[in-house]
Amino acid sequence: MKERSGIVVTYVPGCLADHQRATVGAIARTIAALTGCKFEGEYDPLARYGGRLYFVPSDTLLADDARALGIRTREDLFGGVVPFPFVATKAIVHPLVAPDASRPPGWSDAFTDRVRGVVLPGFTAFTVQDARRAAENLLALGPVRLKRGQGIGGRGQVRVADAGELESALQRIEATDLGRNGLAVELDLAAGTTYSVGQVWVGGLHATYCGTQCMTTDNDEAAAFGGSDIVVVRGGYEALAGLPLEPGVCLAIEQARAFDAATEAFAGLFASRRNYDVLRGRDGWGRWRSGVLEQSWRLGGASGPEVAALAAFDADPALRVVRARSVERYGSSIAPPDAIVHFRGVDSRVGTLTKYTLVEPYEPAP
């Protein structure tokens, strides 16, 4: 048993679904055990804590909010801190449609210039007019996907194939949200594979991973995130490169690393969790394309496997690599006996749901 030297708390300022709140708490408990800290539940600004606080927020934090909490570096939280709201969203991925396009304070053309070669064709818009211009430019290449800046797990997206569908979709966009968080207007790919690439730092442990995501259907038969299946190595990208990986995975890793390096354009950004989704699929002309879809510097769908892998490395200093999986199943479902269950029950918003993580020995593909 490690000597307790600090306090882990969750920070959930918004309104989360039951299963999301439970997942934040479950991961915070794992981190507390991993670091030898005491877990004291959700952060109470009126409480007088008897030790150094480590935060597990439900979302990416703004720099001013982080400073008010005493968060100064990535050693103080599981997640990330950004200087402007849009930096935490999908809005940073693509350039603006034109020099005269609307832009928020802190917008960085330098960043979008650097990542242009590692993302899919697309634009970011902060007004309906700019979104229309962007989509009209892209429709010549095939169907287009409109993605709300703060959409999660494939929600808040719509695919449009022509001008009529575009106008119908634009009429449903809420202007205030668009102006604050932006809209990604991106070439839609079919028959795609979504890769997860990232790194985490907790205490003295550092791990890097790659893998794939899967989709499922929720209790309303709508598409929903179904889990991540990742290979996690102790150390950095150099350790990951030592594994026998498929060419598509290697390309996804290269693109994620380039995207990650470009974030230095945003002064004040730091994160102990850096996750990137990369999509590979065919465009409207049947051509294969690959590019980073979005970043996540907050607790996400792969965080259960991330921290479970770190715990496995901590328990066995000789262990160098593991396979870790998160699973989300709607409706009645039974988790395996060796699973780490994050939520099992009836969520007041989404209905019956089971969420769990499995850590298994790594076996290279034949």
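Glu328 counts as buried at 10% relative accessibility, where buried means under 20% relative accessible area, exposed means over 50% and partly exposed lies in between, computed with a 1.4 Å probe on protein chains only. This is a predicted model, in which local features need pLDDT of at least 70 and side-chain atom pairs count only at pLDDT 80 or more, while totals for chains, interfaces and linings use all residues. Residues are numbered from 1 along each chain as its sequence is written, and side-chain values use heavy atoms, with hydrogens and water left out.

The place of Glu328 is in strand 16 (residues 321-330); helices (H or I, at least four residues) and strands (E, at least two) are DSSP runs, numbered from the N terminus. Leaving aside its neighbours within four places in sequence, Glu328 is in contact (heavy atoms within 4.5 Å) with Thr216, Phe225, Gly226, Leu353, Thr354 and Lys355.

Another glutamate, Glu221, lies in the loop between strand 11 (205-217) and strand 12 (223-234), and Glu221 is exposed, with a relative accessible area of 63%. Most residues other than glycine have a negative phi. Glu221, although not a glycine, has a positive phi of about 65 degrees.

Strand 1 (residues 7-11) is largely enclosed by the rest of the structure, because five of its five residues are buried. Both of its faces are covered, with Ile7, Val9 and Tyr11 buried on one side and Val8 and Thr10 buried on the other. Strand 1 pairs with strand 3 in the parallel sense over five bridges, two strands being paired if DSSP finds at least two bridges between them, and the bridge partner of Val8 in strand 3 is Tyr54. Strand 1 also runs parallel to strand 2, to which three bridges join it, and here Ile7 stands opposite Lys38.

Strand 1, helix 1 (residues 18-35) and strand 2 make a right-handed β-α-β unit; a crossover is right-handed if, with the strands pointing away from the viewer, the path from the first strand over the helix to the second runs clockwise. Helix 1 has 18 residues and reaches 26 Å from its first C-alpha to its last, close to the 26 Å expected at 1.5 Å a residue, the expected span being 1.5 Å times one less than the number of residues. Buried residues of helix 1 include His19, Val24, Ile27, Ile31 and Leu34. Just after helix 1, Gly36 takes a positive phi of about 75 degrees.

The structure holds twelve aromatic pairs, where rings of Phe, Tyr and Trp (its six-membered ring) pair if their centres lie within 6.5 Å, and planes under 30 degrees apart count as stacked, over 60 as edge-to-face and the rest as tilted. Two of these pairs involve Tyr43.

| Pair | Centre to centre | Angle between planes | Class |
|---|---|---|---|
| Tyr43 and Tyr49 | 6.0 Å | 20 degrees | stacked |
| Tyr43 and Phe55 | 5.2 Å | 65 degrees | edge-to-face |

Tyr43 is partly exposed, with a relative accessible area of 23%, whereas Phe55 is buried at 1%. Elsewhere, ring pairs link Phe84, Phe86, Trp107, Phe111, Phe126, Phe259, Phe266 and Tyr276 into a cluster.
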